[in-house]
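Here is a short walk through a protein model, meant for someone seeing it for the first time. Have a look around before reading on.

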Amino acid sequence: MKERTTGRLSDLVEGLHERERDDHSHATTSEDVPQSRRVFLARSSLLTLAIPGVGAALAACSPSGATRQDTTGQGAAADTSHGRAGRGIHNSDSRLDSAVLKPEHRPGTSATGSATQDAANVAYHRRAPELPALPSGNVQRLHFQAREAPVRIDDTTVVAAWTFEGDVPGPIVHTRVGDTVEITLTNDAVVPHSLDFHAAQINPKEAFKSVIKGQSLTFAFTPKYAGAFMYHCGTAPVLMHIGSGMFGAICVSPREPLPPAKDFVLVQSEFYLAGAANGTRASDYQKMLSTLPDVVCFNGRPNQYVKEPIRVKVGDRVRFWVVSAGPSHPCSFHVVGEQFDTVHLGSPPGNAIRGVQTFNVAPGGGMIFELVCDVAGEFPFVNHAFRHGQKGAIGLLVVE
Ligand SMILES: [Cu+2]
């Protein structure tokens, strides 16, 4: 059983490079791929020029001001005008930020700041998929640093990444319905960044606004619904920031605990990589627009759970908290040789469907998949849209 399964997986993985070449050749001819950096810059400039005016108008209409939830007291965190000082106050929600587009930031790639520094010495590490235990108490205080950092995703590839806390994806957050999460974002990166939690119901113009280098922003929220939710940087262009690594999962448990299980978190995402330079491969905005990724994977590493599987015991209930971070593709989640007895489409424990083979998790979405492991063996869990499975969105669940 083991050899046969491994052989089949090897075939799948071997197809990766051939498919990548196909994708690249298509990407250069696709009609919806902008043909030059000039187009990119022109479009970006329009965004930069057009939106500050809107922001200023909105700020002028807002009696509450832009920094109400800036508990650091650094109102300047709201000012991401970058050289437009003296042209009036505007409300710097994340849509205003386009520093990534400035020439000194190498427009269109993530090779900014410290993203390529000391890349040769970055070690590979497997990302633990286990859901962290709930913290004690009803208030959880978190502090994320937005940081440019090289991240090794396999033996041969170091990505010049934009990160929360130095890794892709960012930390897994676990909380409960009705508890409070207080989060401080500090930006250590050249480019402005922000933090958008899908588990929150909050004014995004204030809580999710961008923070410039050296400054911080704090906000708090109390999740109303249980489920697997995404968080991400929402700074414009959002595609660039998510595609460069700024995303993660927040798992919200219901007040009444779910049945005992082995809980694992899988965040699917895509990498769109430029050629190697300075020992790293930067994320490439043009390729993101093409929607033809080089790598699709769970928890930031292609095939990492094939190399080192997830292991459970016969009789265990397994609960996968699956978040599809995208930025652009869903996850058609499936476990080969198994069926999900329960898929929570919405907030558990309600909103479940039974006896499911595959279900699509939309980009920006999350769902909870449960199965009971009553047969021993090696069960591949995959994105059953196999062009993505073959690019690394595949792992092994070993039932012993
Ligand atoms: Cu960002």
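Which residues coordinate the copper ion?

## The copper site

This is a predicted model, and in it the copper ion is held by four atoms: ND1 of His193, SG of Cys233, ND1 of His241 and SD of Met246, at 2.0 to 2.7 Å. Along the chain, these donors follow the spacing H-x39-C-x7-H-x4-M. His193 sits in the loop between strand E4 (180-187) and strand E5 (196-197), while His241 belongs to helix H4 (residues 238-243), so the two histidines tie together parts that are 48 residues apart in sequence.

What about the geometry? The angles among the four donor atoms run from 79 to 134°, and the site is irregular. To count as tetrahedral, all angles would have to lie between 85 and 135 degrees, so the 79° end of the range rules that out.

Are the two histidines buried or exposed? His193 is buried, with a relative accessible area of 1%, and His241 is buried too, at 0%.

## A four-stranded sheet

Strand E5 also turns up in an open, mixed sheet of four strands, which go in the order E3-E8-E7-E5. Strand E3 (173-176) and E5 are the edges, each pairing on one side only.

E5 runs antiparallel to strand E7 (residues 227-232), and two bridges join them. Asp196 stands opposite His232 of E7.

## The nonpolar cores

Which residues have the most contacts inside the largest nonpolar core? They are Phe144, Leu195, Phe197, Phe221 and Ile250, in a core of 32 residues. Several elements supply at least two residues each, including strand E1 (139-152), strand E2 (158-164), E7 and helix H5 (285-290). A separate core of 26 residues lies apart from this one, with Val318, Phe340, Val361 and Leu371 among its members.

Take a closer look at Phe144. Leaving aside neighbours within four places in sequence, Phe144 is in contact with residues including Phe164, Pro171, Ile183, Leu185, Leu195, Phe197 and Tyr231.

## A residue in a loop

Ile172 is in the loop between E2 and E3. With a relative accessible area of 21%, Ile172 is partly exposed; the cut-off for buried is under 20%.

What does Ile172 touch, not counting residues up to four places away in sequence? The list is Ala128, Glu130, Leu131, Pro132, Ala249, Cys251 and Val265. Ile172 and Cys251 are 79 residues apart along the chain, yet their C-alpha atoms are separated by 7.6 Å.

How values were computed
Residues are numbered from 1 along each chain as its sequence is written. This is a predicted model: local features need pLDDT of at least 70, side-chain atom pairs count only at pLDDT 80 or more; totals for chains, interfaces and linings use all residues. Side-chain values use heavy atoms; hydrogens and water are left out. Donors are N, O and S atoms within 2.8 Å of the metal (3.2 Å for Na, K and Ca); water is not among the atoms, so sites may look incomplete. Four donors count as tetrahedral if all angles lie between 85 and 135 degrees; four count as square planar and six as octahedral if opposite donors are over 155 degrees apart and all others between 65 and 115; anything else is irregular. Buried means under 20% relative accessible area, exposed over 50%, partly exposed in between (1.4 Å probe, protein chains only). Two strands pair if DSSP finds at least two bridges between them. A nonpolar core is a set of buried Ala, Val, Leu, Ile, Met, Phe, Trp, Tyr and Cys residues joined through side-chain atoms within 4.5 Å. Contact means heavy atoms within 4.5 Å.
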